[in-house]
Amino acid sequence: LRAQDAQKKVLILYSTSREAGIAAVGERQLPRILDNGLERRLDYHSEFIDAGRFADAEYRAGFRDFLHLKYGDLRFDIVIAVLDVAIEFLDRYRDELFPETPVVFFAHSPVEKRIRNSTGVWGQLDFARTLALVTTLQPEIKRVFVVSGAAGRDKALEKTARAQFPQFEPRLAFTYLSALPTRDLEQRLASLPQDSVIYYLLVYQDGAGDLFQPLAYLDRLASRA
């Protein structure tokens with residue numbers, strides 16, 4: 001056999017952009033882990049849906065067409081779906097793109113409809129546990145300013161946080177700074193009371209419609225706060 005014939009072909013499908021934290025860690029670690037596990041016989045590919053900035057159905061269909069054009073003649077040994085959007089994408093288009101390929105997934109919530117020939121794990125977002133650590137380290141904190149954006153993913157994380165944080169009331173007072181224009185948000189964060197903490201969730205898009213890379217946006221806000 002030729003060397004490339006013996007290789008295991010793996011596709012990682014991320015829900016996020018390439019710059020997102022989970023993708024940055026995944027791209028640093030997964031090729032190494034898989035290559036070691038497959039005895040240096042890895043043919044590694046990765047793609048990024050970037051759902052935070054491109055959420056409409058027409059884009060998803062275009063992304064499907066892109067994958068079909070790029071990988072039409074390539075047969076993967078496995079597809080790994082990272083987070084919910086990638087799982088939903090495979091649930092809809094898997095038969096068109098990768099009809100006989102097993103799927104492994106990682107999700108933030110239980111998968112209601114299991115994709116045929118798939119397995120995976122889910123790890124629930126636990127914002128409350130992080131906030132409990134904050135109050136342990138800084139017991140003087142009395143106010144929490146929760147920052148989130150206007151994109152669909154931003155709003156989804158805010159909804160999760162709102163469901164988890166009431167257990168801290170009335171000990172902590174919560175203010176949700178949601179979908180504000182960046183200039184207004186920076187002004188608010190620059191003059192908060194001393195007994196405050198900023199809980200940054202996610203901002204792909206601000207209230208003015210401008211798009212951002214979430215980790216870079218966090219650095220920007222930290223420099224103003």
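**Overall make-up**

Tutor: The chain's secondary structure comes to eight helices and eight strands. Keep in mind that this is a predicted model.

Student: How big a box do the C-alpha atoms fill?

Tutor: Along the principal axes, the box is roughly 70 × 35 × 35 Å.

Student: And what share of the residues is buried?

Tutor: Of the 225 residues in the chain, 43% are buried. As for contacts between residues at least 6 apart in sequence, 67% join residues at least 24 apart.

Student: OK, sheets. What is the strand order in the sheet of five?

Tutor: The order is β2-β1-β3-β4-β5. The sheet is open, and its pairing is parallel.

Student: Which strands are at the edges?

Tutor: β2 (42–48) and β5 (118–122). Each of these pairs on one side only. Neighbouring strands in this sheet are turned by 15 degrees against each other on average, ignoring direction.

Student: Zoom in on β4 and β5. How many bridges?

Tutor: Five, in the parallel sense, with β4 covering residues 103–107. Val-103 has Ser-118 in β5 as its bridge partner.

Student: Which helix packs on that sheet, and what does it touch?

Tutor: Helix α2, residues 21–37, packs there. It touches β1 (8–14), β2, β3 (78–82) and β4. The direction of α2 makes about 165 degrees with that of β2. Helix α3 (residues 57–71) lies across β1 and β2. Its angle to β2 is about 155 degrees.

Student: Stay with α3. How does its axis sit against α4?

Tutor: The axes of α3 and helix α4 (residues 84–97) come within 11 Å and cross at roughly 55 degrees. The two helices are therefore oblique to each other. Their crossing is right-handed.

Student: Which residues meet there?

Tutor: From α3: Arg-60, Ala-61, Phe-63, Arg-64, Leu-67 and His-68. From α4: Val-85, Phe-89, Tyr-93, Glu-96 and Leu-97. By type, the contact divides into seven nonpolar, one polar and three charged residues.

Student: New topic. What about the sheet of three strands?

Tutor: That one is open too, in the order β7-β6-β8, with parallel pairing. β7 (173–178) and β8 are the edge strands, each pairing on one side only. The twist averages 20 degrees from one strand to the next.

Student: How many bridges join β6 and β8?

Tutor: Six, in the parallel sense, with β6 spanning residues 143–148. Phe-145 stands opposite Ile-198 in β8.

Student: Two single residues, then. Asp-195: buried or exposed?

Tutor: Buried, because its relative accessibility is 18% and the cut-off for buried is under 20%. Asp-195 is in the loop between α7 and β8 (196–202).

Student: What does Asp-195 touch?

Tutor: Glu-140, Ile-141, Lys-142 and Arg-143. That leaves out residues up to four places away in sequence.

Student: Last one. Arg-129: where is it placed?

Tutor: Arg-129 is in helix α5, residues 127–137. It is exposed, with a relative accessible area of 66%.

Student: How far is Arg-129 from Phe-165?

Tutor: Their C-alpha atoms are separated by 9.8 Å. Along the chain, the two are 36 residues apart.

Notes:
Residues numbered from 1 in each chain as written. Predicted model: local features only at pLDDT ≥ 70, side-chain atom pairs only at ≥ 80, totals over all residues. Heavy atoms only, no water. Pairing = 2+ DSSP bridges. Helix = DSSP H or I, 4+ residues; strand = E, 2+ residues; numbered from the N terminus. Axes fitted to C-alpha atoms, helices over the stretch in contact; angles between N-to-C directions. Contact = heavy atoms within 4.5 Å. Buried < 20%, exposed > 50% of the residue type's maximum accessible area, 1.4 Å probe, protein only. Parallel < 35°, antiparallel > 145°, perpendicular 65-115°, else oblique. Left-handed = near helix turned anticlockwise from the far one by under 90°. Nonpolar A, V, L, I, M, F, W, Y, C, P; charged D, E, K, R; others polar.
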